[in-house]
Amino acid sequence: MFYLSLTLLLIAIFLFWQSDRQRKRSGLPGGRVIYSDMNEWGRVQKPLYDSTTRLTGKPDYLVERHGKIIPVEVKSGRAPEAPYDSHIYQLASYCYLVHKEMGKRPPYGIIHYRNRDFAVDYTPELESALLDILTEMRRDGRRKTVACSHNLPARCRGCGYNEICDQRLA
Ligand code: SF4
């Protein structure tokens with residue numbers, strides 16, 4: 001069960017990565033630059049799990065602030081102008097899991113890039129978009145083939161499925 005959930009999360013992250021253009025259409029929150037004190041951050045020991053969605057994942061850190069628990073996702077690269085959609089959805093997954101497992105809904109999560117931190121509000125709209133993607137992912141998981149959703153050869157070159165994918169562009 002754990003490995004199935006882990007696989008689901010990996011597929012979810014892959015789909016989130018592909019969903020950049022979708023977010024621009026749906027108007028999800030972008031993120032605001034904040035200062036965050038890394039000394040407050042606590043490492044997460046074990047993955048969080050939600051049995052309803054079978055989603056699992058482990059944020060890099062959790063921060064307790066004013067009685068709320070805030071997940072933190074660390075990215076090694078420099079900050080883009082605004083957080084990537086894939087990063088927003090990944091963070092939303094952690095907000096969702098924190099809410100389900102710990103019973104406290106995070107008002108926002110933090111994406112920590114090398115040179116900048118962004119707070120991303122965990123809005124009902126973001127949660128709903130996340131659940132839509134998980135539903136889509138489950139539906140696609142039952143299909144024998146899923147149409148490629150992008151036109152980016154570079155993405156295929158860096159994809160772990162390149163060797164076996166009959167839709168690869170490069
Ligand atoms: S190789 Fe296939 S699965 Fe990977 S990005 Fe390209 S089309 Fe998508």
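1. A residue is called buried here if 20 or more other C-beta atoms lie within 10 Å of its own, exposed if 12 or fewer, and partly exposed in between, with C-beta atoms placed from the backbone. On that count, 28% of the 170 residues of the chain are buried.

2. The model is predicted: local features need pLDDT of at least 70, side-chain atom pairs count only at pLDDT 80 or more, and totals for chains, interfaces and linings use all residues. Residue numbers start from 1 along each chain as its sequence is written.

3. Five helices and eight strands make up the elements of the chain. Helices (H or I, at least four residues) and strands (E, at least two) are DSSP runs, numbered from the N terminus. Their order from the N terminus is α-α-β-β-β-β-β-β-α-β-β-α-α.

4. Two residues are in contact if their C-beta atoms, placed from the backbone, lie within 7 Å. Among contacts in the chain with a separation of 6 or more, 65% join residues 24 or more positions apart.

5. A nonpolar core is a set of buried Ala, Val, Leu, Ile, Met, Phe, Trp, Tyr and Cys residues joined through C-beta atoms within 7 Å. The largest one has 25 residues, and Leu91, Ala92, Cys95 and Leu130 touch the most other members. Two or more residues each come from strand S6 (68-74), helix H3 (85-102), strand S7 (108-112), strand S8 (117-121) and helix H4 (124-141). The most come from H3, which gives nine. Leaving out residues up to four places away in sequence, Leu91 touches Pro71, Glu73, Gly109, Ile111 and Val120.

6. Which residue between strand S3 (48-50) and strand S4 (55-57) deserves a look? Arg54 lies in that loop. Its phi is near 55°, a positive value in a residue other than glycine. Arg54 counts as partly exposed because it has 15 C-beta neighbours inside 10 Å.

7. His66, in the loop between strand S5 (61-65) and S6, also has a positive phi, near 50°, and is likewise not glycine. With 6 other C-beta atoms within 10 Å, His66 is exposed.

8. Around the ligand are Cys148, Arg155, Cys156, Cys159, Tyr161, Asn162, Cys165, Gln167, Arg168 and Leu169. A residue is near a molecule or strand if its C-beta atom, placed from the backbone, lies within 6 Å of it. By class, this shell has six nonpolar, two polar and two charged residues. Ala, Val, Leu, Ile, Met, Phe, Trp, Tyr, Cys and Pro count as nonpolar, Asp, Glu, Lys and Arg as charged, and the others, Gly among them, as polar.
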